[in-house]
Amino acid sequence: MQHKREVEDVIEKKVYETYYTIVEPFKPVRSVKGIVEQLREKFKLIVSEKLVALVVSAFLTGRPVLFEGPPGTGKTEVGYGILTLWAGKKAFILPCSENYDEYRVIGDFHPLMAMKMGFTEESFVPRPLLAALILDAGVLVDEIRRSSLRRVFKAKGEGFQVIFTSNPEDIAQGELSDAFLRRVVRIKFTYPPEEVEKEIAKLRLGEDFKMITEDSISKVLAVVNELRNKALHKPGPADTVAWTQMATGLAKLRGKKKADLKDFYDAAFSVLLKRSEDEDLVYSIVEKYFKR
Ligand SMILES: Nc1ncnc2c1ncn2[C@@H]1O[C@H](COP(=O)(O)OP(=O)(O)O)[C@@H](O)[C@H]1O
Ligand SMILES: [Mg+2]
């Protein structure tokens, strides 16, 4: 085992054995500027100082954070990145779903072992939330409204901080109570300004960004913007990135140095068309800009 501390407790020991190598400890990053820099370098994320300062301030005052906003605006990745840098350990992600309850996240008894040895520490299986507490790592409770989890877990150690994410416009999801909302620091995620969205695409595509002309990227952003105003499924920066990556990918396969109108056109529908009700709209908007 690699950890320095001698662990006596059975459950703590299990946690160290199962999870310690997964969190890959490194030196924590606790300054706002440092976090912004590392988010860009390590996680390829563009995040404002203002947002990071709010999160850090919440952490320092022991409050959990709630990221709210539409899909593809970076809630999950930004949350994971900040928690990881802050703790100096990879954060735990709890991907919520309908059947996600507290047993699933804290721990439960192994049925066969419990039959043999009884309901003891030996037969207890620690889950990620308990592991994060013991290892002092961060926890991202992703899409909280999809689960029945509603407890506001309070920060205990320094590294153990909690970020929830939620899309308030998703009517298929459950509501968050006033009591829950009062206890968290709410931070809104919105679609970035054009300049920032272009920066995001540039950062994500790396060298391949050179395959895209100024004219094409402006058109991509125009399409995406129009869809945000008119379509049921609104594309996020995640879709902008996916579309540009697919278009440059197609261009390479076709032996081209630059992605042209056809590449963008052919890649568009596989990325932008997520709901059949939007079909006509997506075709007409994409054709308006990328008709060959
Ligand atoms: N601020 C950002 N910086 C870099 N990439 C971003 C940013 N916002 C969104 N993205 C893109 O979106 C993806 C992350 O979206 P995600 O965290 O899943 O969004 P959400 O959780 O809000 O649905 C990234 O892989 C990247 O392509
Ligand atoms: Mg998400």
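**Entry 1: the second largest pocket**

I started with the second largest pocket of this predicted model, and I found that eleven residues line it. Pro71, Asn167, Leu232, His233 and Arg275 are the ones that lie nearest its centre. Next I looked up its volume, which comes to about 260 Å³.

What does the lining look like by class? I sorted the residues of this second largest pocket and got five nonpolar, two polar and four charged ones. I also checked which domains they belong to: domain 1 (10–188) and domain 2 (194–290) each give at least three residues to this lining.

**Entry 2: the largest pocket**

Then I turned to the largest pocket, whose volume is about 800 Å³. I noted 34 residues in its lining, with Ile46, Thr73, Gly74, Val78 and Phe189 lying nearest the centre.

Sorting the lining of the largest pocket by class gave me 17 nonpolar, eight polar and nine charged residues. Last, I looked at the domains again. For the largest pocket, too, at least three lining residues come from each of domain 1 (10–188) and domain 2 (194–290).

**Entry 3: a note to myself**

Here is what I want to remember: the linings of the largest pocket and of the second largest pocket both draw on domain 1 and domain 2.

Methods
Residues numbered from 1 in each chain as written. Chains lettered and ligands numbered in written order. Predicted model: local features only at pLDDT ≥ 70, side-chain atom pairs only at ≥ 80, totals over all residues. Heavy atoms only, no water. 1 Å grid on protein atoms, 1.4 Å probe; cavity = no way out; pocket = protein on both sides within 12 Å on 5 of 7 lines; lining within 4 Å. Points joined across faces, edges and corners; volume = space filled by probe spheres on them. Nonpolar A, V, L, I, M, F, W, Y, C, P; charged D, E, K, R; others polar. Domains from an automatic or database assignment.
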